Amino acid sequence: MGFEPGPSKEGSWMMAQNDRVVVGIDVAKDKVDACIRSLSQRRTFESTAEGRRQLIAWLRKHRATKAVMEASGGYERDWAKALREKDVEVRIVDPKRVRHFARSAGRLAKNDDIDSDTIAWFAETFGEAKGQAYDAARETLVQIVNARQGLLDMQTSLQNRGEHAVPEPVQKMQARLLKKIAAELATLEVAIAAKVKATAHFAELAEIIESVPGLGAGTSAGLIAAMPELGQVSNKVAAALLGVAPYDDDSGKRRGERQIKGGRRKVRNLFYMACLGAATRHNPVLKAFYRRLIAKGKEKKVALVACMRKLIVILNIMIARRQKWNPSLYAVS
């Protein structure tokens, strides 16, 4: 099948000593392919309740205590839930990271067996990286927030189309859709607010985030859902997770332009819009910082990204300290 050799006996022994028998799971709509690379074990399981029971029994047989799978458009959720209910640690990773890892190792072929093996190999290599503890309330919030964002995208698309001349029946159809979308958005926003209010740690976070001038309920819900690490990581990591950390592009004597890379696109887009209003209108501290950068000759977009980076760092500190907004602590010197 073209797999690289599995870990040596010494490597397997070390893994056993650390009680880290890991299974890589490639999730598809109708089945999953599982691989315990350290034991050279592979099996396929159907996406049914019986298939999930069989997978759990197979993992118990081989004493696998950790499962790693890629985010697969929601197909991974039932599998992750079933495993967690049986005390198997589950880590869901970004598919791009796994593919980049495979390419860096020269593994260019792709099929379900290879994918499950690659995920297991990735998990073994980066086994020290710990994910967030599973939070059922956050998973629900994530789904509602994502649904709201999907409706907002549809709304923007329809509004943009309305800027062009179209026949009257099309205009009326677009108007009806926009009205329906607005109603559904209102319903989801009520559901989001209720979920945040009903979940104590969400309500506490929302109170802290929304104390910042310019940040409202939509932004706080997006951050709570998509960036649970806030307040638990360094400021540099917080900026990197959002995707506003600048990276060097140097080689030898050449000094390239620093650029932002990676991060979580959806929450970055949400934060961009919130920060735009905060930096130009609503937040005196951020507004002063933005104007100072513009006065130094920075382009508006560059200055706004710098404001995003400053604000996410401030939020990271506020959440870590469980403190509300205090402009005297963050004013531009």
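**A guided tour of the fold**

Q: How many bridges join strand 2 (residues 31-36) to strand 3?
A: Welcome to this predicted model. Strands of a sheet pair through backbone hydrogen bonds, either parallel or antiparallel. Strand 2 and strand 3 run antiparallel, and the number of bridges joining them is six.

Q: Which residue in the turn between strand 2 and strand 3 has a positive phi?
A: Strand 2 and strand 3 form a hairpin, with four residues between them.

Q: Which strands are the edge strands of the open sheet?
A: The sheet has five strands in the order 3-2-1-4-5, and its pairing is mixed. Neighbouring strands here are turned by 20 degrees against each other on average, direction ignored. An edge strand pairs on one side only, which is the case for strand 3 (41-46) and strand 5 (89-93).

Q: Is Ala34 buried or exposed?
A: Ala34 lies in strand 2 and stands opposite Arg43 in strand 3. Leaving out residues up to four places away in sequence, Ala34 touches Val23, Gly24, Ile25, Gln41, Arg42, Arg43, Phe45, Leu55, Trp58 and Ser116. Its relative accessible area is 1%, and the cut-off for that class is under 20%. Ala34 therefore counts as buried.

Q: How far apart in space are Ala34 and Met69, C-alpha to C-alpha?
A: Along the sequence, Ala34 and Met69 are 35 residues apart. In space, their C-alpha atoms are separated by 9.3 Å.

Q: Why does Glu70 count as buried?
A: Glu70 is found in strand 4 (residues 66-70). Leaving aside neighbours within four places in sequence, Glu70 is in contact with Ile25, Asp26, Glu76, Ile92, Val93, Pro95, Val98 and Ile119. The class takes residues under 20% relative accessible area. Glu70 counts as buried because its relative accessibility is 13%.

Q: Where do the buried residues of helix 2 lie around its axis?
A: The buried residues in helix 2 (residues 49-61) are Gly51, Arg52, Leu55, Ile56, Trp58 and Leu59. They cover an arc of only 160 degrees around the axis, so they are on the same side of helix 2.

Q: Which exposed residues does helix 2 carry on the face turned away from its buried side?
A: The buried residues of helix 2 are covered by elements including strand 1 (22-27), strand 2, strand 3 and helix 3 (76-85). The face turned away from that buried side carries the exposed residues Arg53, Arg60 and Lys61.

Q: Which residue with a positive phi follows helix 2?
A: The 13 residues of helix 2 should span 18 Å at 1.5 Å a residue, and this agrees with the 19 Å between its end C-alpha atoms. Helix 2 is then followed by a residue whose phi is near 55 degrees, Arg63.

Q: How many of the 14 residues of helix 5 are buried?
A: Helix 5 (residues 112-125) should span 20 Å at 1.5 Å a residue, which agrees with its end C-alpha atoms being 20 Å apart. Its buried residues include Ile114, Asp117, Trp121 and Glu124. Helix 5 is mostly covered, and its count of buried residues is eleven.

Q: Which helices do the buried residues of helix 6 pack against?
A: Helix 6 has 26 residues, which should span 38 Å at 1.5 Å a residue; its end C-alpha atoms are 38 Å apart, so the two agree. Among its buried residues are Ala137, Leu141, Val145, Arg148 and Leu158. The buried residues of helix 6 pack against helix 7, helix 8 and helix 9.

Q: What percentage of the 333 residues in the chain is buried?
A: The whole chain has 14 helices and nine strands. Among contacts between residues at least 6 apart in sequence, 59% join residues at least 24 apart. Of the 333 residues, the buried share is 39%.

Notes: Residues are numbered from 1 along each chain as its sequence is written. This is a predicted model: local features need pLDDT of at least 70, side-chain atom pairs count only at pLDDT 80 or more; totals for chains, interfaces and linings use all residues. Side-chain values use heavy atoms; hydrogens and water are left out. Two strands pair if DSSP finds at least two bridges between them. Helices (H or I, at least four residues) and strands (E, at least two) are DSSP runs, numbered from the N terminus. Axes are lines fitted to C-alpha atoms, for helices over the stretch in contact, and angles run from 0 to 180 degrees between N-to-C directions. The expected span of a helix is 1.5 Å times one less than its number of residues. Buried means under 20% relative accessible area, exposed over 50%, partly exposed in between (1.4 Å probe, protein chains only). The arc is that of the directions from the helix axis to the C-beta atoms. Contact means heavy atoms within 4.5 Å.
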